[in-house]
Amino acid sequence: MKNRIKLALAQISTRRENKEENLGKIEELTTQAKTQGADLAIFPEMCLTGYVVKDQVYELAETVPGPSTRRVATLAKKTGMHIIFGMPALSEKSRATLYNAAVFIGPEGLIGTYHKMYLPTHSVFEEKRYFRPGYQPAAFSTALGNIGLCICYDLFFPEVTRLARLAGAQLLVCISASPAVRRSYFETLAAARALENTAYLAYVNLAGVEDGLQFWGGSRLINPTGDIVAKAKYDEEDLVVCDVDFQEMKAAEPFIPTLRDLRPELYEQLREAAEHI
Amino acid sequence: MNLTPAVLELNLTEIETRIIRFIREYVEKAGTNGIVLGLSGGVDSSTVAALSSRAIGGDKVLGLLLPEKETLNQGDMEDAILVAKKFNLETQVCDITRALEGFYETIPIFDAGDRLCKGNIKARSRMTVLYYYANKLNRIVCGSSDKSETMMGYFTKWGDVAADISPIMDLYKTQVRRLAEHLGVPRELALKPATPALWPNQLAEGELGIKYEMLDLVLFGLERFMSIEEIAEQLRLDNDLVLKVKKRWLSAEHKRRVLLAPKLGYRTPGQDFRLPRNDY
């Protein structure tokens with residue numbers, strides 16, 4: 001494991017339903033990130049297909065591994081990069097069930113897949129109509145360190161990143177497709193999730209307009225004390241390469257000892273209370 | 001929630017940016033040559049003209065003035081020309097009087113005294129001309145409907161609301177007025193009384209029975225799931241007036257969501273056939 005890594009916040013807009021073009025963009029930006037010294041390139045939620053694809057998602061979803069992830073794996077191998085990106089995943093077992101997935105690929109191949117646990121189905125969102133929720137938090141031990149994954153609305157539920165952190169994640173990655181009217185919520189929550197876990201958090205959002213929804217970009221890296229280390233432009237495509245220094249976590253933990261002060265007995269109360277809302 | 005005018009305040013610079021981006025992206029992705037819009041000399045179309053011009057350049061925005069003899073208002077025509085000049089739009093004037101007279105003569109049951117049915121022909125004729133230009137010039141029609149009118153159903157189905165994009169449909173009238181001033185639309189024009197111009201001297205607020213400043217707060221309360229009683233109490237209105245607005249708000253859904261078919265097949269248009277709008 002390295003003490004320092006460089007990651008690229010690859011904030012793209014997509015051409016909806018055009019996997020070829022979107023994969024081309026992933027290849028182009030990963031290569032650019034590599035030339036800037038990055039170890040890990042992170043792309044937004046559902047960036048393989050676009051976010052607002054409605055019923056077309058049934059045609060667009062692929063298994064993992066599948067044609068698109070194999071192509072990204074080839075890219076990862078060729079560049080020596082780690083890559084995280086979002087796509088609709090078709091269950092390998094059932095061949096009928098879809099997940100909103102974050103796929104993590106390294107130079108050696110597929111590292112793992114995370115299935116979004118909290119699927120927004122309110123306001124303009126209709127994810128439960130299409131996707132089955134995931135049940136497992138994700139924390140993957142890699143050559144770059146332990147990296148946890150979550151997706152967009154998961155950020156509203158601190159248990160997702162907390163579970164990843166307790167499973168060892170030092171860098172929490174949240175890929176997102178957040179429209180503009182919700183910007184302030186995510187700016188607040190991204191910082192909170194980093195701070196309460198004294199971990200790095202990389203938030204990577206879509207840019208561009210899909211079906212009237214304007215994704216606000218604003219991707220960022222937040223350090224373990226909740227400060228923004230690097231930030232991409234609002235609304236437009238951008239590529240920002242920034243440094244993660246895992247040593248900072250050691251300094252943060254004595255100052256904000258949230259993990260030391262966890263009270264496991266409260267979780268049982270929480271569980272009981274949540275069952276009786 | 002306190003229903004005060006403050007709830008309708010906006011970050012106008014941000015709203016301007018978002019709408020401009022929305023227009024620009026749509027025009028580019030649709031692969032069209034630009035925009036056609038109707039210019040009435042009112043605040044809504046003036047605002048959309050300004051936004052369209054800033055989004056894609058005035059040379060790609062054609063403003064059509066569509067007068068007809070019964071509702072012809074020289075002041076509105078002058079305002080429309082003023083706005084076109086200010087935002088560098090091309091304009092053309094199409095007097096639709098003869099087309100309307102053709103309709104009146106063609107319809108055996110035509111009733112000249114029924115001003116609503118007659119007026120709706122005017123709105124739909126204007127739409128027909130706009131779409132002719134759009135087809136011919138490979139452009140899109142940019143609509144000027146605002147949220148107050150849309151939620152009240154105060155528009156002609158398939159008429160003035162018909163458009164490819166509606167950039168200000170999520171802004172209440174009082175918000176549009178502020179945005180208009182922010183964009184440089186002259187204040188007198190931004191604040192002048194609204195009219196759909198379906199018959200002479202028609203005024204929107206008179207027909208709606210409530211001033212826009214108050215209507216917008218009622219609609220805002222309904223949007224945020226407030227009860228009739230709460231809204232009426234806070235705004236010091238009669239429950240009956242708020243109820244009347246709410247009934248109109250609910251009953252106009254057939255005008256906003258226009259396709260309705262009985263569910264017979266596997267996926268049904270207008271119901272559970274959900275496809276993205278896309279640039280195939």
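**Figure 1. Chain B holds 13 helices and four strands.** The model is predicted. The C-alpha atoms of chain B fill a box of roughly 50 × 50 × 50 Å along the principal axes. A compact globule of 280 residues would have a radius of gyration near 19 Å, and chain B agrees because its value is 19 Å. Of its 280 residues, 37% count as buried. Take the contacts in chain B between residues at least 6 apart in sequence: 72% of them join residues at least 24 apart.

**Figure 2. The largest nonpolar core has 86 residues.** Six members touch the most other members: A41(A), I42(A), F43(A), L172(A), C174(A) and A202(A).

**Figure 3. A close-up of F43(A) and the residues it touches.** Residues up to four places away in sequence are not counted here. The contacts of F43(A) include A10(A), I12(A) and I26(A). I84(A), F85(A) and G86(A) also touch F43(A). So do I175(A) and V204(A).

**Figure 4. Helices α5(A) and α6(A) cross at roughly 35 degrees.** Helix α5 of chain A covers residues 158–166, and helix α6 of chain A covers residues 183–197. Their axes come within 10 Å. The crossing is right-handed. On α5(A), the contact is made by P158(A), T161(A), R162(A) and R165(A). On α6(A), R193(A), E196(A) and N197(A) take part. By class, this contact has one nonpolar, two polar and four charged residues.

Key:
Residues numbered from 1 in each chain as written. Chains lettered and ligands numbered in written order. Predicted model: local features only at pLDDT ≥ 70, side-chain atom pairs only at ≥ 80, totals over all residues. Core = buried A, V, L, I, M, F, W, Y, C linked by C-beta atoms within 7 Å. Buried ≥ 20, exposed ≤ 12 C-beta atoms within 10 Å, placed from the backbone. Contact = placed C-beta atoms within 7 Å. Helix = DSSP H or I, 4+ residues; strand = E, 2+ residues; numbered from the N terminus. Rg over C-alpha atoms; globule rule 2.2 N^0.38 Å. Axes fitted to C-alpha atoms, helices over the stretch in contact; angles between N-to-C directions. Left-handed = near helix turned anticlockwise from the far one by under 90°. Nonpolar A, V, L, I, M, F, W, Y, C, P; charged D, E, K, R; others polar.
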